[in-house]
Amino acid sequence: MTTTTAARTSIWKQFPGSFWVANTMEIFERMGWYGFYAVSSLYLTGAVVDGGMGLSSEDRGVIQGLATFFLYLFPAVFGALADRYGFKKMFLASCTVMIPGYLLLGIPDGFWGFLAVYFLVAVGHGMFKPVVISTVAKSTTAETGSMGFGIFYMMVNIGGFLGPIVAGVVRGWDWQYVFYASAGWIVLMGVIALVFYKEPPRDTEAEGRRSLGEVFAGMIAVVGNGRFFLLVVGLLTLLVMGSKWLEPVVYLPAAAGWILINLAWDIPARRIPRASGAHRRWLLEPMQVGEGRYLIFLVLMAFFWTSFNQIFMTLPEYIRDYADTSDLIRSLTPAAHWITGLAQGLGLDTSQWGRAVLEHGQVKPEHLINLNAFGIIVGQVAIAYMVRRLAPLTCIILGSFITMVSFLLYLVGQGGWVIVLAILVFSVGEMLASPRSKEYAGRIAPPDKVGMYMGYFYWCVALGNLFGGLLSGALYQHFGPVARGGVDDPGMMWLIFAGLALVSVILLSVYDRAVKKPA
């Protein structure tokens, strides 16, 4: 009787109000983020006379890589703060950071100024992300969790679809309107949080006892002990410095030296006897790897996210500089004439409507890239149903392979319909790999560490953004147009990205056979 009653209950009544409020806020937050992120490559590298900043592709990649890298590291810290001080307070605090951040983005005219402000924006979104996910988790049950997170994923893509549409329209008049629009969406999100959001039931006493020191200790425990964490941080620092400020002949030997120093450091550390129950300083401890099997999975998934991010980092520049969308325009002209004719019949002036869709006679890149979110909105449920019986890792490997195929399609031609096909094929790969990767992370986790595993899953997304940004900037700077200092060979660039996706397919397959825990 209970099951029958639940089955007949409206979907709106299966979830508490806080669930729907959080999902609504997620739409506006994604509209704010993707409203600029989808066009950030165009703004950063666009000509100054067109309202852009005129930066190099390499500088653009460094900015995108660093900002998004830290965005996906912040949630672990801000999630703990939200547990201590309240979800609603953290939602409102994130708004007070994001709104001025977006309004300030249009002011800097150089690398360092923009990086500083964009970092502020990343902090704001990093504050928001763990709280909205926690709200969804705490407002669903074992029975409604699958549907609840499915709805949440749909809201993410609705926001990711609508934000770039508005940004693409308003930047036809002035880039400043893009920043105003993103700030406006966050204002609406803040109003919803202030008026409608109510804290979901949670153990505030237990959560409040978790100090920031314990949070950082948990972060280190995933990697290993403090010594191994220090090794990893040093290598990442050298990688970041090498992206812009150091030559390879400097940072590569420095990285090798840092590894050798830490290995040599371990020799006496392992020989120092420890008295029973005695505690040594962490610097005197030998290096220890933490959750080794999970770390390997995160590193391998970083390859996928590195490839995935090229649709937002590299593809906008490629479409702007190389695509010929005249075939697409010819195909859609009858429909465009019908829409404008209908509007004119209503007394509307459509003489400037072309600025919303076209730029220099071509379809704006963000409108083509937005087909990715549209494809996911339309096809996610069907794809999930078709592969429901496949193992999660099998879906991840298949999704990575399809991602590789989508990159190879850019070698077929540079016409509008080829790009549309490549983006939609890419979307299929994303629908297969992205949702199932989280499921797989939960499945391989020991029963007493599921929460920790899921909490640090975004580390691979952070690494993918860092590597993706740095690689995107360096490759497009080299293989891009001659006018921008490149060799004018974008096909080789896409071959490299396809090769990276293939490497992830091979390594994930090996991991599945040799490393993962037997069923």
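These legends describe close-up views of a predicted model. Residues are numbered from 1 along each chain as its sequence is written, and side-chain values use heavy atoms, without hydrogens and water. Because the model is predicted, local features need pLDDT of at least 70 and side-chain atom pairs count only at pLDDT 80 or more, while totals for chains, interfaces and linings use all residues.

View 1. Buried means under 20% relative accessible area, exposed over 50%, and partly exposed in between (1.4 Å probe, protein chains only). Helices (H or I, at least four residues) and strands (E, at least two) are DSSP runs, numbered from the N terminus. Leaving aside neighbours within four places in sequence, Tyr118 is in contact with Trp33, Phe36, Tyr37, Ile63, Ala67 and Leu105. Contact means heavy atoms within 4.5 Å.

**View 2. Ser94, a buried serine in helix α6.** The helix covers residues 87–104. Ser94 has a relative accessible area of 0%, so it counts as buried. With neighbours within four places in sequence set aside, Ser94 contacts Gly124, Met127, Phe128 and Met189. Ile186 is 92 residues away along the chain, yet its C-alpha atom is separated from that of Ser94 by 9.2 Å.

**View 3. Ser437, a buried serine in helix α22.** Helix α22 spans residues 416–444. Relative accessibility of Ser437 is 0%. A polar atom of the Ser437 side chain lies 2.7 Å from the backbone oxygen of Ser434. A polar contact is a pair of N or O atoms within 3.5 Å; within protein, one must be able to donate a hydrogen and the other to accept it, and residues adjacent in sequence count only if both atoms are side-chain atoms. Not counting residues up to four places away in sequence, Ser437 touches Phe297, Met301, Ile396 and Phe457.

View 4. Side chains of opposite charge can pair when their charged atoms come close. A salt bridge is a side-chain nitrogen of Lys or Arg within 4 Å of a carboxyl oxygen of Asp or Glu. By this rule the count comes to 10. Arg270 is exposed at 54% relative accessibility. Asp266 is buried at 6%.

**View 5. A salt-bridge network around Arg320.** The network links Arg60, Glu317, Arg320, Asp321 and Arg484. Glu317 and Arg320 meet at 3.2 Å, N to O. They are three residues apart in helix α16 (residues 315–322), so about one helical turn separates them. Arg320 also meets Asp321, at 2.9 Å, N to O. Glu317 is buried, with a relative accessible area of 0%. Arg320 is partly exposed at 28%. Asp321 is partly exposed at 30%.

**View 6. A nonpolar patch on the surface.** Trp338, Ile339, Leu342, Leu346, Leu348 and Trp353 form the patch. Together they have about 690 Å² of accessible area. Accessible areas come from the Shrake-Rupley method with a 1.4 Å probe; for residues, only the protein chains shown count as cover. Patches are made of residues with over 30% relative accessible area and no salt bridge: like charges are joined within 9 Å, nonpolar side chains (Val, Leu, Ile, Met, Phe, Trp, Tyr) within 5 Å. Leu348 sits in the loop between α17 (326–345) and α18 (354–357). Its relative accessibility is 46%, so Leu348 counts as partly exposed.

**View 7. Positive phi at His360 and Asp488.** Neither residue is a glycine. His360 has phi near 55 degrees. It is found in the loop between β1 (358–359) and β2 (362–363). His360 is exposed, with a relative accessible area of 66%. Asp488 has phi of about 60 degrees. Its loop runs between α24 (458–479) and α25 (490–514). Asp488 is partly exposed at 42%.
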